[in-house]
Amino acid sequence: MNWITDIFSQEKVLKERRASGLHVINELQRFRLLVACIYCAVGTSLVYTFELFTPQFTSQFGLTAGDLSTVSTVSVVFHYFVVPYVVVFQKMGPTLLLVITAVTGLVGTLGMALIFDNKLPHSLVVICVFYAIMNTCVGLFDAATVVTAQLTFPRNRGPVLSLVKVMTGLGSSVFASISRNLFRNDIVSFLYFVLAFAVVVAVWSIFTVTLPPYEMNWWRGRGKTEEEKEIMRSLTAVYYSKSVPMRRLAVGYIVGISLVIFFAISSPVVAYLNVSKEASYGIGAITVFLMLCYFIMTLPIRWLGGVDEPSPSVVQRSAVSQHERDEPAAEEEEEDDLPKKKKADSYEEPVKEKEESAKEKALDDAQSVEGTPVTTAVQAEVDDGNPFAEYGEDQLVTTYCDPRYPKTFWEQLRRVDVYLLYLGFILQGSIGVIVMYNAGTIYVARTGEQRSKELSALYTAFLGVGSAVGRISMGLYEGCVQRQKEGHRRFLVTHALPIPPLIGVIAGVLILVLPGQGLLLPYIMVYFKEGAFYSTCAIVLPSIFATHHAVYYILSSATTVVSVIAFNRLLFGMVVDQQRVKLGYAKGEDCKQRECILTPVIVAICLCAVSFVMLLIVHIRYLRFVRRTEKRKKQNANAIYHS
């Protein structure tokens, strides 16, 4: 079984790279992890493809709007309530979660395919059970990969996580395109494809998605001494200071933006025009091709950067060798200029001579055993037995974009910020869950017409496009915030917190006042708002809290569970069913009057407004914390300068 241990042993890889004179961070491996996270994010987006199934749920099984709300509520609860799994992640990392993902993906998707194929009972209970298992797989894709990506790319957290999260939103468009164009709306065949996709991606990720070596959890700490653990933790500064090759990251953004443009153009064409079978297959093939283009980021092309990067000691040896080659020429030039410099040198202060003498002595003292010059700090750490001591100088350039609350999660529970933050997350989700899981019901109530399969696919595709743009916007904003100089920051990451609920208020009003055929605009706004919110959870939380990143992120996902139960099933589902009966509609018949959805949407608008105020307070409190911290730093710097 040693070969299995070697696969997951990062210590062995670090030793091999150190022996080869390579940098301890393998950028090709990091980007293989990134591509795996991107495909897992596509799997996560299956939760947003519920609209692909709603026409068949209604026509084939006769489910009412309340039944659809029950199915979506139960499934989403299992998707987002991954809090028990955070213990597994904290103790053992993402590997075991990905194993569970493969099993639940196989069982849940197979069960749904057999239900639609009439080989299993299609009662509401059976549908809820298998759809919940399928969405457990979807939720674990997210839980296992997002926090891992946060920890693996701390220096470029915003742009990288934005690229991952954009596919969580855009993945629904990918699946809508494949279902419509390659499977011609054959739900059974499409579900078998989803089954294969989920299992293959989960198994691939088991061997690819691993925590960085500086994360020492219980599983990794078994059998190690405290000294060995501290040696691995010393790599924290390396990861926090090492930027990814920007050309490789740019390839991912080019592919993502290409997908957004492609779906924005192709989705209306497929929905409203009579596209031939050959053209439809072509659109589906382009979708698959663009998704495969993400693998370009993992190719060992030197122009993209990150291929066999040398370690700092190798770079230093190379610099010294170059200096030795250039030294004779420099000495000749100095001999020619010596008469001119004599006069100027006579006025130099004795202090400078002492400094030069001290520098030369330090350089001589810092010779390694092989005679290679290294820094004094590095030599000291080598003497202490740290094999990664040559990276010690990286600590000097390690900075965080903004100060972070230093206390643990349990200590933060004594502050009001956490409660305002998560309560604001719950309330802002009201308009989101109502629109995303009941878009068809709202459309029928506003237009009085049933929605076609093509229109369902169009709305699902634009869900992905709008969500993707929201996620990209948040990631690029965080990247811009990082580029601000310390002490001169006009913008903070928390400026983005109140934006999603504000958009929710505007979109809710438009749903009520616009004509039914114009609902696509507020729908896209809600999709954008949801994408920005989920990207905010992944990016902002680790930017303002110093510890327990997995706990904060998974709890932010759990707020969606509360939103779905409270606003999707209890608020929207029950009110719509009551109004449908009150207005005299038969069971299984959709309500075609605006009054059915009026109350839930108005309540959601009010809750989004309250959420806006709460998250604005969180931002103001964090802004004051940052200003106090910066003021304290300036005072300490001035005290040191004058002492």
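A salt bridge here is a side-chain nitrogen of Lys or Arg within 4 Å of a carboxyl oxygen of Asp or Glu. The model on screen is predicted, so local features need pLDDT of at least 70 and side-chain atom pairs count only at pLDDT 80 or more, while totals for chains, interfaces and linings use all residues. Residues are numbered from 1 along each chain as its sequence is written, and side-chain values use heavy atoms, with hydrogens and water left out.

Begin by selecting Lys 119 and Asp 117, whose side chains meet in a salt bridge at 3.4 Å, N to O.

Next, select Arg 415 and Asp 417, which form a salt bridge with their closest N and O atoms 3.1 Å apart; Arg 415 is partly exposed, with a relative accessible area of 25%, and Asp 417 is buried, at 2%.

Then move to Lys 229 and Glu 226, another salt bridge, with the closest N and O atoms 3.6 Å apart. Both residues lie in helix H12 (residues 226-233), three residues apart, about one turn of the helix; helices are DSSP runs of H or I, at least four residues, numbered from the N terminus. Lys 229 is buried, with a relative accessible area of 16%, whereas Glu 226 is exposed, at 51%.

To finish, select Glu 27, Arg 30, Lys 242 and Glu 309 together, and you will find them linked in a network of salt bridges; the structure holds 13 salt bridges.

Definitions and conventions
Helix = DSSP H or I, 4+ residues; strand = E, 2+ residues; numbered from the N terminus. Buried < 20%, exposed > 50% of the residue type's maximum accessible area, 1.4 Å probe, protein only.
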